[in-house]
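Subject: Structure for you to look through

Dear colleague,

I am handing over the structure we spoke about, and below it you will find some notes to read alongside it. Please keep it open while you go through them.

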Amino acid sequence: MQTAEIRYDELDNLCVEIENPEYSEIIISDEEIAYFLKEINKIQFKSVRIHKNNLRLVKDDREVIIKDIDNFCKKNGFSQIPFIAKQVKSTIAKYNKEFAKKKKRKNRRFGKRSVVAAGIVAGALMITPLLAKNLFTNSKGVENQTNKENDEDMLNSISLATNVSNNVNYTINDLKDDMVENEFAQEAVEVGETPLTEHVADNNSEDVGHVAYLDYQLSTDSIKRENAYNNYHDLVERFSAKWGMSFNLVMAILTQESGGYENNLMQIEFDDWDEEIIKVFNFEGNRYEYFVLTNNPLKWADQNVVCITEKDLDNPVTNISIGCVLLRKSAEYMDYHVLAALQCYNLGPGNMNKVLNRASEETGQTRDEMLEDQENVSFYQFTDIVNKGDPEYLSNVFSFLNDYGDSITFKHFGDNNEIIEEEISIFSTQQLGYH
């Protein structure tokens with residue numbers, strides 16, 4: 001078995017070490033690294049596996065181990081091996097999805113953690129064709145039986161840890177030695193015996209986990225983030241629970257919309273909802289409530305509704321509560337597709353329908369097909385067809401989550417009147433190396 005180990009050292013220099021039965025251990029020079037990467041980038045690997053933050057690629061008697069894949073991605077190492085990046089993309093996506101589901105069951109919500117990622121940007125080294133090709137890509141190796149033994153030895157010997165926040169008692173090792181095969185080989189995912197969905201004890205509700213990928217970056221605007229959090233944390237916590245959605249989702253919306261600096265905290269478009277009866281379920285009070293946004297409350301005097309005027313929205317309590325109510329109503333229009341509901345909150349129902357219609361025309365998917373899959377965000381590439389709102393609203397809102405891979409939740413009723421809590425872990429496509 002020929003083994004090449006790729007890593008960045010403590011000085012951020014890219015290193016390649018080659019172990020070969022004919023040459024023992026050889027550390028190749030900087031001049032040879034680029035040619036070596038060029039050669040291995042031509043290989044169609046049969047097996048791609050992630051184990052304890054290391055990526056292992058195997059074809060016949062050739063093996064490549066990328067050590068500390070988190071760091072490798074942060075250093076944009078995949079920019080020099082784009083074909084390999086394409087091969088591992090599916091594996092990383094599946095790994096992240098299983099990781100998210102496993103971690104959800106462990107902690108009920110995400111904290112900070114490292115995301116196995118593949119970032120691809122421009123960059124290359126000078127190419128000097130020396131001995132790398134002969135050492136690795138063309139040499140003959142040992143028998144497959146030895147390969148199998150080496151597989152087990154290698155997996156047992158790796159002990160690198162993943163950076164996980166101290167407040168989360170969980171590491172990648174808890175995945176019980178995941179083996180996730182890539183899209184070119186037989187697929188297998190092993191993350192323990194616990195089901196991928198579980199029932200919440202209260203209200204006979206069902207927790208459904210999903211993973212969605214969007215092109216976004218976490219915001220570095222700490223002042224805006226801290227102002228919104230420090231001034232409105234309690235109200236957001238109160239009304240997000242009341243109206244059946246996660247605290248971090250509502251806080252991210254408020255932070256993006258106003259940062260807590262404006263009277264209209266949730267930037268509610270009054271005219272979009274004017275004179276419409278809005279029926280929403282109060283999950284804490286276990287009852288339906290009715291609202292109308294109107295500047296003519298007398299019109300509704302004989303109706304059992306709560307009237308909200310434009311002036312009322314200057315009150316933070318009313319504004320945050322009604323913002324959540326309108327997000328719930330948006331979700332109803334979007335068949336409880338949470339990300340579509342969030343974009344609908346920004347564009348308004350009429351404009352969002354235009355977006356969905358265009359997406360259906362361009363992608364060949366029906367509206368139902370798009371909205372029945374929480375992970376389907378194909379509509380997002382058509383949000384710029386309307387002259388209103390923010391076409392990158394989802395990316396801008398999720399930039400105010402705490403970390404990549406954080407999950408948002410949203411409750412609604414299922415076909416049998418059971419409460420379903422959708423949980424979507426939001427990863428960035430930039431973490432996977434495509435946009």
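Asp60 and Lys46 form a salt bridge, in which the closest N and O atoms are 3.0 Å apart. Because Asp60 lies in the loop between β5 (54-59) and β6 (62-66), while Lys46 lies in the loop between α1 (30-40) and β4 (47-51), the pair ties together parts that are 14 residues apart in sequence. Asp60 is partly exposed, with a relative accessible area of 37%, and Lys46 is partly exposed too, at 49%. Please bear in mind that this is a predicted model.

The structure holds 9 salt bridges, and another of them joins Lys42 to Glu39, with the closest N and O atoms 3.4 Å apart. Here Lys42 counts as exposed, at 54% relative accessibility, whereas Glu39 is buried, at 7%.

The hairpin of the two strands has 5 residues between them, where Asn417 takes a positive phi near 65°. Strand β13 (residues 419-428) is mostly covered, since 10 of its 10 residues are buried; Ile419 and Phe427 are among those that point one way, and Ile420 and Ser428 are among those that point the other way.

Finally, Asp335, Asp368, Glu369, Glu372 and Asp373 form a negative surface patch. Of these, Asp335 is found in the loop between α9 (316-333) and α10 (338-347), and Asp335 is partly exposed, with a relative accessible area of 44%.

With best wishes

Definitions and conventions:
Residues are numbered from 1 along each chain as its sequence is written. This is a predicted model: local features need pLDDT of at least 70, side-chain atom pairs count only at pLDDT 80 or more; totals for chains, interfaces and linings use all residues. Side-chain values use heavy atoms; hydrogens and water are left out. Patches are made of residues with over 30% relative accessible area and no salt bridge: like charges are joined within 9 Å, nonpolar side chains (Val, Leu, Ile, Met, Phe, Trp, Tyr) within 5 Å. Accessible areas come from the Shrake-Rupley method with a 1.4 Å probe; for residues, only the protein chains shown count as cover. A salt bridge is a side-chain nitrogen of Lys or Arg within 4 Å of a carboxyl oxygen of Asp or Glu. Lys and Arg count as positive and Asp and Glu as negative; His and the chain ends are not counted. The place of a charge is taken as NZ of Lys, CZ of Arg, CG of Asp or CD of Glu. Helices (H or I, at least four residues) and strands (E, at least two) are DSSP runs, numbered from the N terminus. Buried means under 20% relative accessible area, exposed over 50%, partly exposed in between (1.4 Å probe, protein chains only). Two strands pair if DSSP finds at least two bridges between them.
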